[in-house]
2 protein chains.
Amino acid sequence: MSVPFDIETVDLSEEELRAQEATYGALADSVRALNEASLRTTVPADEVAQIRDELEAITQRLRKSQIPGPHGVVMTRTGEQRTYGNAVVGLRNPIAVPLEIETDPEGRAWSRFDLNALYEGPPALVHGGVTALILDQVLGQAAAAGQAPGMTGTLTLRYRRPTPLGTCSAEAWIHERQGVKTIVHGCIRDAEDNTTVEAEGIFILPRWAREMLAAHEATPDRFE
Amino acid sequence: MSVPFDIETVDLSEEELRAQEATYGALADSVRALNEASLRTTVPADEVAQIRDELEAITQRLRKSQIPGPHGVVMTRTGEQRTYGNAVVGLRNPIAVPLEIETDPEGRAWSRFDLNALYEGPPALVHGGVTALILDQVLGQAAAAGQAPGMTGTLTLRYRRPTPLGTCSAEAWIHERQGVKTIVHGCIRDAEDNTTVEAEGIFILPRWAREMLAAHEATPDRFE
């Protein structure tokens, strides 16, 4: 079996896990607010210089103790996966919106979220690539929720109208299952519920992932 | 003429403009480093709480003076466009990598860049949606460089192999011109120069943009 990465277990009780997520989730929220404020600020150069010194000192303090690389996927004691660093949904990733995605086992996923000035492309509009980024994640989670997890094989986006910054929603559903391939459809909607972007994704479960899932099913207590 | 946004002129000399870009570009760089450090930190909860207080105080200082909304597109005295807030290339956007994209007038655009843990999807790999985000921007700039600017109409991404985090490059070129439509091809390559993602984009110049360009050509000193 050739799996290109390890899934580590976070060996914490439910309570410890929740406390840890509250601590670092709140840190990410504070940094998200700073990101947006720094983008739009017009404070004078001497104040910017002072603030940069303070931020660089804080960065050094944060680096005193850190994980050696990216977060990857970790498994909790109860067998739930966590993707703390994910660029779209990562609780700990300050550049992630982050999306809270709901799913149902039929293979459906949806989310409502706000996109501020950090996600701009054309003036006052969401960057077309940001809607692609979000749809890739939501379509993938719809496939996974419907027991058809996979990596993106092909993603096609049709831009029907501009997406204004502000409140948006995304939805995706399994359209068709073809063996190891799953075809998922989805869309982005604006605050008035107009569909602005339509997406079709083909998700494919690579051989290593099929082998890992089979091994996991054969020894269900593997991550416990 | 119905243009959905205004293009403001930054009324600064070349020297003042460069000084302003140095100030706020450096601020964005400091915040980018903080983003990555905050993602991977494991400092204890009391230190995180202290750091959050300091970050929230800095956010308030940054908000004392700010532009009223997103940056949009601004025009310099010499007629160059600046997209300071763009989610991929924005000098002032701390969640932008940012990409420095080179172009040639044949309709070609390319860039080399590093993607750190903030851009993760699957473990140790670039998020598939992040490659889509980058390709949307690079393909659009290839079209614009070849005098065929437009908004994304359709974007199709083919994921050939995983893209490891680290050094990557992107390239795009005009494949075909069809009146107001321009078909652009492009790809992402990994550090070993393997093509990992292929893209095709159809860019369309909306009516309001054609009218704005025509008006600009008729009165070339409009932004001067």
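Q: Where is Pro98(B) placed?
A: This is a predicted model in which local features need pLDDT of at least 70, side-chain atom pairs count only at pLDDT 80 or more, and totals for chains, interfaces and linings use all residues; side-chain values use heavy atoms, without hydrogens or water. Residues are numbered from 1 along each chain as its sequence is written, while chains are lettered from A and ligands numbered from 1 in the order in which they are written. Elements here are DSSP runs numbered from the N terminus (helices: H or I, at least four residues; strands: E, at least two). On that numbering, Pro98(B) falls in the loop between β3 and β4 (102-104) of chain B.

Q: What is omega for the peptide bond from Val97(B) to Pro98(B)?
A: We're still in the loop between β3 and β4 of chain B, where Pro98(B) sits. The bond running from Val97(B) into Pro98(B) is cis. Its omega is near -15°.

Q: And in chain A, what is omega where Val97(A) joins Pro98(A)?
A: Pro98(A) lies in the loop between β3 and β4 (102-104) of chain A. The bond between Val97(A) and Pro98(A) is cis. Omega there is about -10°.

Q: Which loop holds Gln147(A)?
A: Gln147(A) has a positive phi, near 60°, though it isn't glycine. If you want to find it in the viewer, look in chain A between α3 (128-145) and β6.

Q: In chain A, which residue of β2(A) is the bridge partner of Val10(A)?
A: Chain A also has an open, mixed sheet in the order β1-β2-β3. Its β1(A) runs parallel to β2 (residues 74-76), and three bridges hold that pairing. In β2(A), the partner of Val10(A) is Thr76(A).

Q: How many bridges pair β8 and β9(B)?
A: Strand β8 (residues 181-189) of chain B runs antiparallel to β9(B), and Ile188(B) stands opposite Val197(B). Five residues separate the two strands in their hairpin, and Asp193(B) there has a positive phi near 70°. The bridge count for β8 and β9(B) is nine.

Q: Which residue of β9(B) stands opposite Met151(B)?
A: Strand β9 (residues 195-204) of chain B also pairs with β6(B), antiparallel and over eight bridges. Across from Met151(B) you'll find Ile204(B).

Q: What is the distance of the polar contact between the side chains of His185(B) and Glu200(B)?
A: His185(B) is in strand β8 of chain B. Beyond its neighbours within four places in sequence, His185(B) touches several residues (contact: heavy atoms within 4.5 Å), including Leu139(B), Trp173(B), His175(B) and Glu200(B). The distance is 2.7 Å.

Q: Which residues of chain B lose the most area to chain A?
A: The contact draws in 78 residues from chain B and 77 from chain A. Together the chains bury about 7,100 Å², 61% of it on carbon and sulfur atoms (accessible area lost on being put together, 1.4 Å probe, summed over both). On the side of chain B, 9% of the buried area comes from Arg40(B), Arg61(B) and Ile95(B).

Q: How far apart are the closest N and O atoms of Glu36(A) and Arg63(B)?
A: Between chain B and chain A there are six salt bridges (a Lys or Arg side-chain nitrogen within 4 Å of an Asp or Glu carboxyl oxygen). One of them joins Glu36(A) to Arg63(B), with the closest atoms at 3.0 Å.

Q: Which residue of β6(B) is the bridge partner of Leu155(A)?
A: Strand β6 (residues 151-159) of chain A runs antiparallel to β6(B), and five bridges join them. There, Leu155(A) is partnered by Leu157(B).

Q: Which residue of chain B has the C-alpha nearest the axis?
A: A rotation of 180° with 0.0 Å of shift along its axis puts chain B on chain A at RMSD 0.0 Å (least squares on C-alpha atoms with pLDDT of at least 70 in both). The two copies are thus related as by a two-fold rotation axis. At 2.1 Å from that axis, the nearest C-alpha in chain B belongs to Thr156(B).

Note on methods: Buried area = accessible area lost by both parts, 1.4 Å probe. Pairing = 2+ DSSP bridges. Polar contact = N/O pair within 3.5 Å; in protein donor to acceptor, adjacent residues only side chain to side chain.
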